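Please read it alongside the sequence and the coordinates.

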Amino acid sequence: MTDDLVFSDELEADVQTKAAAPWQVLVVDDEPAVHEVTKLVMSDFEMDGRGLQFTHCYSAAEARALLAQRNDIALILLDVVMESEHAGLDLAKYIREDLGNLNVRIVLRTGQPGQAPEEQVIRDYDINDYKEKTDLTRRKLITVFYAGLRAYRDLMRIENARLGLIRSIEAICEVCDSNNLRSFASAVLAQLNSLLGLNGEGLCASRVSAYTANAAHGQLKVLAVTDAYSRLMVDDQVANLPVAVQTAIRESLSAKASRHGERFYAGYFCTKAGSESLIYMEFPDPINSQARELLELFSRNVAITYDSLLLREETESTQRDTISVLGNAIERRDSASSRHLERVGAIAALLAKLTGSNEAEAELIRTAATLHDVGKACIPDQILTKAGPLTDEEWNVMRTHSSEGHLLLSRSASRVHALGALIASEHHERWDGSGYPAGLKGDAISLVGRISAIADVLDSLVSPSSYKPAWELSTALDYLRQGAGTHFDPMLVSVLLSHRADVEHIYQG
């Protein structure tokens with residue numbers, strides 16, 4: 001692989017290596033001859049492979065207007081006496097104090113040193129050198145340029161490093177706000193371009209450890225791509241990418257290290273669990289050493305975030321799967337349906353979104369709502385599976401599943417179990433206060449309790465059981481309408497009925 005690696009023929013940019021930008025020098029003097037001589041004498045000057053580009057102002061007022069619009073000037077050769085005896089000194093003060101430009105190097109040049117004594121000027125004004133015009137031979141002028149431009153270069157390196165660190169921290173914060181691996185990967189790509197100010201194209205890919213119990217273990221999956229790459233992706237398999245990209249990824253994974261060339265960067269990082277992730281970016285222009293340092297800093301911090309996010313996703317996924325397995329085991333004791341819990345969760349999540357919950361909150365409610373009947377694990381089989389009507393005594397036992405479910409789930413401090421405990425306790429409370437176990441009324445019932453009551457009743461009516469056949473969805477929705485204001489929160493019923501198509505979609509799945 002060479003440093004000229006490109007993604008594919010269709011993405012190859014016809015970019016020529018740009019010549020290094022010249023140093024920007026401003027000459028401020030009211031004598032045209034001074035401008036001409038300075039430009040002529042320094043015409044062949046070069047430092048760090050960069051020549052000079054002169055800008056000329058013939059008064060302090062003209063220079064003020066220019067400097068208010070530009071901040072790329074590296075060196076100013078400034079006459080003291082122009083439209084007034086201290087015009088140059090006033091301009092130097094304006095540059096430092098009013099414009100706040102502390103980076104540009106200012107060299108005062110005067111033909112009348114008696115009017116502005118050197119010691120006083122250097123003491124009272126933030127300038128970098130003070131020269132008499134008669135003392136500026138070609139040799140000494142070259143020395144002035146080297147000293148001034150080197151100082152400016154070093155200051156700008158520090159300033160760019162500071163700004164780069166700020167951008168890096170901001171970018172990492174943006175990435176840390178991601179709530180799943182795909183949004184994380186998309187944020188990484190977006191923030192990399194923001195970080196460098198370059199129009200890069202690339203991808204984020206991940207490979208879960210071969211020792212992880214995961215359906216995709218050992219396979220490299222693409223999590224996110226930039227716009228230019230989206231049209232090349234058939235699915236999330238790396239095998240669909242151009243051969244050059246596959247080669248770059250393989251080599252980086254094989255070396256287990258980040259790699260970079262003149263115009264590309266392959267950032268490799270590995271989690272503590274052995275899962276691997278790769279950021280691959282290609283840029284239209286060469287990336288310098290400073291940009292590479294920022295990329296490495298960013299990638300190291302991204303690796304820490306990735307590790308935490310992957311662990312969180314795996315933990316949450318395991319938790320959801322465990323809840324589903326246990327919930328279905330309990331459900332099979334009293335129902336022929338195998339999708340009741342899934343549909344209750346889907347209806348609860350829908351209502352949560354429709355009433356203002358964000359995506360993460362709705363997903364939490366989806367999972368927690370499936371725990372509403374976990375207390376039935378404590379109900380004897382002869383009551384739970386009885387084909388006929390229950391006696392009053394049996395109903396009293398059956399009703400204990402709400403408090404038993406709350407007791408079981410409240411032993412855990414996890415968010416989903418805490419929310420599940422609340423739902424288990426309240427999903428049989430009624431809007432008019434006639435429900436159980438606490439006889440809560442109206443808004444005294446939590447929103448998730450009111451949501452789960454609707455979701456549970458709706459799907460219980462639509463699902464067949466040992467004591468009744470399945471109802472038609474339209475009939476079940478009519479039942480909700482009739483129970484609004486007595487059994488159910490009328491606002492929630494109204495919201496659900498106004499999104500009937502979404503409810504029907506759940507039952508078509």
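**Notes on the predicted model**

1. The side chain of H427 has a polar atom that lies 3.0 Å from the backbone oxygen of A424. The model under discussion is predicted. A further polar contact, at 3.2 Å, joins the side chain of H427 to the side chain of D373.

2. As to its setting, H427 belongs to the loop that runs between α14 (415-426) and α15. Is H427 buried or exposed? Its relative accessibility is 1%, and because buried means under 20%, H427 counts as buried.

3. Which residues surround H427, once its neighbours within four places in sequence are left aside? H427 is in contact with H372, D373, H401, S402, G449, S452, A453 and D456. For one of these residues, A453, the C-alpha atom is separated from that of H427 by 4.5 Å, although the two residues are 26 apart along the chain.

4. Turning to the sheet, five strands form an open arrangement in the order β7-β6-β10-β9-β8, with antiparallel pairing. The edges are taken by β7 (220-225) and β8 (259-260); each has a single partner strand, so one side of each is left without a neighbour in the sheet. Helix α8 (residues 243-255) packs on this sheet and touches β6, β7, β8, β9 (264-270) and β10 (276-282). The direction of α8 makes about 135° with that of β10.

5. Five bridges join β6 to β7, and the two run antiparallel. Opposite C204 stands A224 in β7, and opposite R207 stands L220 in β7. With β10, β6 pairs in the antiparallel sense over seven bridges; here S206 stands opposite S277. Strand β6 is mostly covered, since five of its seven residues are buried.

6. In helix α17 (residues 490-497), the buried residues include L492, V493, V495 and L496. These residues cover an arc of only 160° around the axis, which puts them on the same side of α17. What covers the buried residues of α17 includes α10 (340-354), α15 (447-462), α16 (473-483) and α18 (500-508). The N-terminal end of α17 is capped by D489, a side-chain oxygen of which lies 2.9 Å from the backbone nitrogen of M491.

7. How many aromatic pairs does a search of the whole structure find? The search finds six. In the pair formed by Y479 and F488, the ring centres are 6.4 Å apart and the planes stand at 70°, so the pair is edge-to-face. Elsewhere, ring pairs link F45, F54, F145 and Y146 into a cluster.

Technical notes: Residues are numbered from 1 along each chain as its sequence is written. This is a predicted model: local features need pLDDT of at least 70, side-chain atom pairs count only at pLDDT 80 or more; totals for chains, interfaces and linings use all residues. Side-chain values use heavy atoms; hydrogens and water are left out. Two strands pair if DSSP finds at least two bridges between them. Helices (H or I, at least four residues) and strands (E, at least two) are DSSP runs, numbered from the N terminus. Contact means heavy atoms within 4.5 Å. Axes are lines fitted to C-alpha atoms, for helices over the stretch in contact, and angles run from 0 to 180 degrees between N-to-C directions. Buried means under 20% relative accessible area, exposed over 50%, partly exposed in between (1.4 Å probe, protein chains only). The arc is that of the directions from the helix axis to the C-beta atoms. A polar contact is a pair of N or O atoms within 3.5 Å; within protein, one must be able to donate a hydrogen and the other to accept it, and residues adjacent in sequence count only if both atoms are side-chain atoms. Rings of Phe, Tyr and Trp (its six-membered ring) pair if their centres lie within 6.5 Å; planes under 30 degrees apart count as stacked, over 60 as edge-to-face and the rest as tilted.
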